[in-house]
Amino acid sequence: MIDENRPEKVSIPYDVPTSARAYGWMLGGKDNYEVDRAFLLSTLPAFPECVDIARQNRQFLFRAVRHLTQDLGIRQFLDMGCGLPTDNNVHQVARRFAPDARVVYVDMDPIVLAHGQALLADDATTTVITADMRDQQSVIDHPDVRRLIDFRKPVAVLFLSVGHHLVDADDPRRILRTVIDRAAPGSCIGFSHVVCDDPVRGAEMTAHISSSGIPWQTRTPAEVDALVEGLVPVDPGMVDLVDWQPDPDQPPLAPVHPDLAPYLGATKGSKGIYEYGGILTAPRARS
């Protein structure tokens, strides 16, 4: 349950785009504003792959959470930069395979809190908090995290399609390792990041998105691998998400808005920009 008197209730920005709302629009969501739509429609002509990779990441979420619950026995989830609620959210997928799963959603966009409150009002084992994932200590110390997450037991920390929002100055290696280094053995990270094989085009993407006010750093796959160095990827490793344990029978996504439909399938013609990631575990301590 969420205490509506907490100071997390802050004003919603309407005059600048946010990644949560733009991402939600690409998934078929309706909780966005003209500024978000205008941002995406200015971005897609140069980077048409964005619609595909957003949707591929959402499909990866289903497969990753299923693997974490069914195969790795995880029952606790911290979803960093979770975005707006849509179909098959983490708690819904997790409980399909593990009814006792507990989930804390974390996002700094206050509209996510507003919609999360409505969705989770009667759910005692799932909540959403407003926090900056760059400040992992504030997440760990949050009373709702302390109430639902027992760090003495394995936990999955999800950084899905948010790694590119962590620029080098944020020290992303530290951010990614903070929880898993403190949590029980068997804890995991689910991680995905927009990458570009061409550093020049990747820098152009970084400049365009950053100029909108959204923190962004497109990296190469090798640069992403460096961020998670020391962690152990589960099979099939860190890959293009379409190649991570593909399942043609998983639940479909909502249709996209007609304005975005022309960009569907752009990754089939060019694989230069794509979503890259996987599930990683901390190395086992030597006996």
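The model is predicted. Its largest nonpolar core holds 57 residues, and a second, separate core holds 32. Two helix pairs are described, α1 with α2 and α3 with α4. The backbone features include a cis peptide bond between D235 and P236 and positive phi values at S161 and Q245.

**Packing of α1 and α2**

- Helix α1 covers residues 19-26 and helix α2 covers residues 34-43; their axes lie 9 Å apart and form an angle of about 70 degrees.
- Because angles from 65 to 115 degrees count as roughly perpendicular, α1 and α2 are described as roughly perpendicular to each other.
- The crossing of α1 past α2 is right-handed.
- On the α1 side, R21, A22, W25 and M26 take part, and they meet V35, D36, R37, F39, L40 and L41 of α2.
- By class, this contact of α1 with α2 comprises seven nonpolar and three charged residues, with no polar ones.

**Packing of α3 and α4**

- Helix α3 spans residues 50-71 and helix α4 spans residues 90-97; they pack at about 40 degrees, and the distance between their axes is 9 Å.
- The two helices α3 and α4 are therefore oblique to each other.
- Helices α3 and α4 also form a right-handed crossing.
- Helix α3 contributes L61, F62, V65, R66, T69 and Q70 to the contact, while α4 contributes V90, V93, A94, R96 and F97.
- The contact of α3 with α4 is made up of seven nonpolar, two polar and two charged residues.

**Nonpolar cores**

- In soluble globular proteins, nonpolar side chains tend to be buried together.
- Within the largest nonpolar core, of 57 residues, the members that touch the most others are L78, F151, F159 and F191.
- Strand β5, residues 188-196, supplies five residues to this core, the most of any contributor.
- Apart from neighbours within four places in sequence, L78 has contacts that include V104, V106, V139, V145, I149 and F151. Further contacts of L78 are V155, A156, V157, L158 and V179.
- The second core, of 32 residues, is separate and includes L61, V103, I111 and L120. L61 is also one of the α3 residues in the contact with α4.

- Most residues other than glycine have a negative phi, and most peptide bonds are trans.
- The peptide bond joining D235 and P236 is cis, with omega at about 10 degrees. P236 sits in the loop between β6 (232-233) and β7 (239-240).
- S161 is not a glycine, yet its phi is positive, at about 55 degrees. S161 belongs to the loop between β4 (156-159) and α8 (172-177).
- With a relative accessible area of 10%, S161 is buried, because buried means under 20%.
- Q245, likewise a residue other than glycine, has a positive phi near 40 degrees. Q245 lies in the loop between β7 and α11 (266-269), and at 26% relative accessibility Q245 counts as partly exposed.

**The site of S270**

- S270 is located in the loop between α11 and β8 (273-281).
- The relative accessible area of S270 is 31%, so S270 is partly exposed.
- Leaving out residues up to four places away in sequence, S270 touches E49 and R201.
- S270 and R173 are separated by 97 residues in sequence, and their C-alpha atoms are 29 Å apart in space.

Key. Residues are numbered from 1 along each chain as its sequence is written. This is a predicted model: local features need pLDDT of at least 70, side-chain atom pairs count only at pLDDT 80 or more; totals for chains, interfaces and linings use all residues. Side-chain values use heavy atoms; hydrogens and water are left out. Axes are lines fitted to C-alpha atoms, for helices over the stretch in contact, and angles run from 0 to 180 degrees between N-to-C directions. Helices (H or I, at least four residues) and strands (E, at least two) are DSSP runs, numbered from the N terminus. Angles under 35 degrees count as roughly parallel, over 145 as roughly antiparallel, 65 to 115 as roughly perpendicular and the rest as oblique. A crossing is left-handed if the near helix is turned anticlockwise from the far one by less than a right angle, and right-handed if clockwise. Contact means heavy atoms within 4.5 Å. Ala, Val, Leu, Ile, Met, Phe, Trp, Tyr, Cys and Pro count as nonpolar, Asp, Glu, Lys and Arg as charged, and the others, Gly among them, as polar. A nonpolar core is a set of buried Ala, Val, Leu, Ile, Met, Phe, Trp, Tyr and Cys residues joined through side-chain atoms within 4.5 Å. Buried means under 20% relative accessible area, exposed over 50%, partly exposed in between (1.4 Å probe, protein chains only).
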